[in-house]
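Let's take a friendly walk through a protein model and look at how charged side chains pair up. Have the sequence and the 3D view ready as you read.

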Amino acid sequence: MNRVIGHLDLDYFYAQVEEVGKPSLKDSPVLVCVFSGRNEDSGVVSTANYKAREYGVRSGMPISQAKKKLLGREAIFIPMDHHKYEIISERIMKQVRQDVDLFEQTGIDEAFFDITKSSEHDYDRAKSIASAMKARIFSSETLTCSVGIGPNKIVAKIASDFSKPDGLTIVTPTNSKRFLASLEVERLYGVGPKTSEILRRAGINTLGELGASSPEDLAEHFSRKLAVYLHDAANGENDEMVVPNSDITQLSRIVTLKRDTREMDEILRQLSPLVQDLQSRLISKNLLFKSITAIGILTDLSIKTKNRKIESPTNDQMTLDVQVRALFQELVSSVDLDLRRAGVRVADLINSADQTSLTQYLQ
Ligand code: DGT
Ligand code: CA
Ligand code: CA
């Protein structure tokens, strides 16, 4: 069945938000930076507006290097304000979610959507829907974005990146193969430095060449699964679904202990089934957590919590157990009273679909 899939990506997001807050910045190179605080210039560029990119400034570049590139220019360096970008991102995503059939946010500034039904499979209609989406985002937030429309996620994502900023690229099913053919292999999702090097050594430089090579030949270098994925995707074929994000933002479980206690083993033993249940909920909902909290309700009914951020999102049982133990250790040693109830909350949940689906080919 022919689908109509879109990918939306906000242009130079953090820097554009700063421009909106202060329009006089627009004509200058603007760099949003993560200052590490060691000295004035230590840290990295998170993102830069297109003016700054003209001078070779890129995300992830050390601030000192960016300063060299911009020597003599009136460049503006702004500390990153993640909270501000998150609020704006949430408003935009909430709106877009309402305007499409299926919606899957995959980052602070990007999302996939499915408009097969609402466009009635018609790419002209899809174009109008996407234009209206862009116009709405611009009128409510004065932010530009780039949108790509195609028959699947792979084509849609490459299309949104194709003409930036403020782009709208429509690739019909019949045009997909031709659209991809001249592009470099690195443009394909999943072709990182390692894969790209193998491909290039085999004389495969463009997606056209990748699509023309047989899965059997590719399987000499890659797993069968990856070989088939690369071959099909380069030909504009991929059947990954848009997996709607859950609206759940946190999950928690709490138990009244059999007796008031502050003994770690006792608390952990009674928590164990709850933690397992929490983990199976995460798995079944396709969610990963980035933050975890131990909750203790003491005998005087006061509530005590200890919280931690996890470096990379997970739903791994072992991590969960380790964190629960460490947090309760902290909690128990910070109070004098026994615990009456004990609970665990995971929050900052993200959808693991993007990581488990597309990357399943890459293992
Ligand atoms: P674009 O989409 O090419 O117009 O530009 P951006 O800045 O929107 O780039 P994108 O979509 O890759 O990333 C979205 C945001 O994520 C970006 O505004 C800042 C942040 N970001 C991206 N790369 C890095 C990085 O290497 N380091 C840090 N700290 N933040 C980054
Ligand atoms: Ca972006
Ligand atoms: Ca992005």
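Start with Arg-253 and Asp-277, whose side chains meet in a salt bridge, N to O, at 2.5 Å. A salt bridge here is a side-chain nitrogen of Lys or Arg within 4 Å of a carboxyl oxygen of Asp or Glu. Arg-253 belongs to strand E9 (residues 250-261) and Asp-277 to helix H12 (residues 264-284), so the pair ties together parts that are 24 residues apart in sequence. Helices (H or I, at least four residues) and strands (E, at least two) are DSSP runs, numbered from the N terminus. Arg-253 is partly exposed at 22% relative accessibility, and Asp-277 is partly exposed at 33%. Buried means under 20% relative accessible area, exposed over 50%, and partly exposed in between (1.4 Å probe, protein chains only).

This is a predicted model, in which local features need pLDDT of at least 70 and side-chain atom pairs count only at pLDDT 80 or more, while totals for chains, interfaces and linings use all residues. Residues are numbered from 1 along each chain as its sequence is written, chains are lettered from A and ligands numbered from 1 in the order in which they are written, and side-chain values use heavy atoms, leaving out hydrogens and water.

Next, find Lys-309, which forms a salt bridge with Asp-348, with the closest N and O atoms 2.6 Å apart. This pair links distant parts of the chain: Lys-309 is in strand E11 (residues 303-314), and Asp-348 is in the loop between strands E12 (339-347) and E13 (350-351), 39 residues apart. Lys-309 is exposed at 61%.

Salt bridges also link Arg-259, Glu-263, Glu-266 and Arg-269 in a network.
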